[in-house]
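Work through the exercises below with the sequence and the 3D structure at hand. Each task is followed by a solution in steps.

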Amino acid sequence: MTSNSKKIAIILTIMITALLWIFWLPGNLRQEQSEIIQKSHSLKFQDFSLPDLKGQSQSFAQWQGKVVLLNFWATWCPPCRYEMPDFVEVYDQYKDQNFVIIGVGTDDPAKIAKFVEQLNVSYPILVGGREAMQISYQYGNHSGALPYSIIFDQQGNIRYRAGGMMTKKQLLAQIKPLL
């Protein structure tokens with residue numbers, strides 16, 4: 001093999017590994033965690049407080065009694081970027097039917113604010129950093145996956161949780177029976 005062929009082979013291997021990591025692994029985590037939550041509804045809605053984009057502390061309890069998608073994400077996370085436009089669309093369509101999406105950004109507040117503005121995110125955004133990752137861990141995100149999504153029913157029971165990107169179709173399949 002020539003030197004250029006070796007370099008190309010190494011680059012292709014790295015790219016394939018990165019794509020598998022981004023798309024395949026989160027899907028497997030989603031399947032494992034979805035199976036776990038379907039077997040046990042022991043986790044419930046737990047209150048916590050984080051600041052919003054204006055720095056005002058927001059209690060998660062204010063959304064209790066609604067169907068809630070709690071989504072942990074970061075601006076540097078490609079799957080997070082891909083799912084957000086679908087989330088905005090679903091939120092805008094169902095927000096008047098007792099449904100809310102709460103996005104929890106886990107990185108720099110200035111980057112989060114800029115990102116949210118660029119994507120015209122219409123649902124509430126909280127800023128959490130390391131504290132947000134601790135909250136996601138308490139809700140079963142033991143791998144530290146991003147994005148990480150949890151769906152609560154109106155009684156505060158966790159009905160779905162998954163690490164990795166959630167499609168519009170998957171989201172609608174989870175929330176429609178709860179509305």
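This is a predicted model: local features need pLDDT of at least 70, side-chain atom pairs count only at pLDDT 80 or more; totals for chains, interfaces and linings use all residues.

**Exercise 1. Find the strand order of the open sheet of 5 strands, and its edges.**

Step 1. Count two strands as paired if DSSP finds at least two bridges between them.

Step 2. The order is then β5-β4-β3-β6-β7, and the pairing is mixed.

Step 3. β5 (125-127) and β7 (158-163) each pair on one side only, which makes them the edge strands. From one strand to the next, the twist averages 15°.

Step 4. Look at one pair: β4 and β5 run parallel over 3 bridges, and G103 stands opposite I125 in β5.

**Exercise 2. Determine which residues of helix α5 (residues 168-175) are buried and what covers them.**

Step 1. Call a residue buried under 20% relative accessible area, exposed over 50%, and partly exposed in between (1.4 Å probe, protein chains only).

Step 2. L171, L172 and I175 are the buried residues of α5. Seen down the helix axis, they fall within an arc of 95° (taken from the directions from the axis to the C-beta atoms), so they line one face of α5.

Step 3. The face turned away from that side carries exposed K169 and A173.

Step 4. With contact meaning heavy atoms within 4.5 Å, the cover of the buried residues includes β3 (67-73), α2 (78-94), β4 (99-105) and β6 (148-152).

**Exercise 3. Identify the residues that touch the most other members of the largest nonpolar core.**

Step 1. A nonpolar core is a set of buried Ala, Val, Leu, Ile, Met, Phe, Trp, Tyr and Cys residues joined through side-chain atoms within 4.5 Å.

Step 2. The largest core has 49 residues, and F60 and L70 touch the most other members. α2 gives the most to this core, with 7 residues.

Step 3. Leaving aside neighbours within four places in sequence, the contacts of L70 include F48, F60, I102 and Y139.

Note on methods: Residues are numbered from 1 along each chain as its sequence is written. Side-chain values use heavy atoms; hydrogens and water are left out. Helices (H or I, at least four residues) and strands (E, at least two) are DSSP runs, numbered from the N terminus. Axes are lines fitted to C-alpha atoms, for helices over the stretch in contact, and angles run from 0 to 180 degrees between N-to-C directions.
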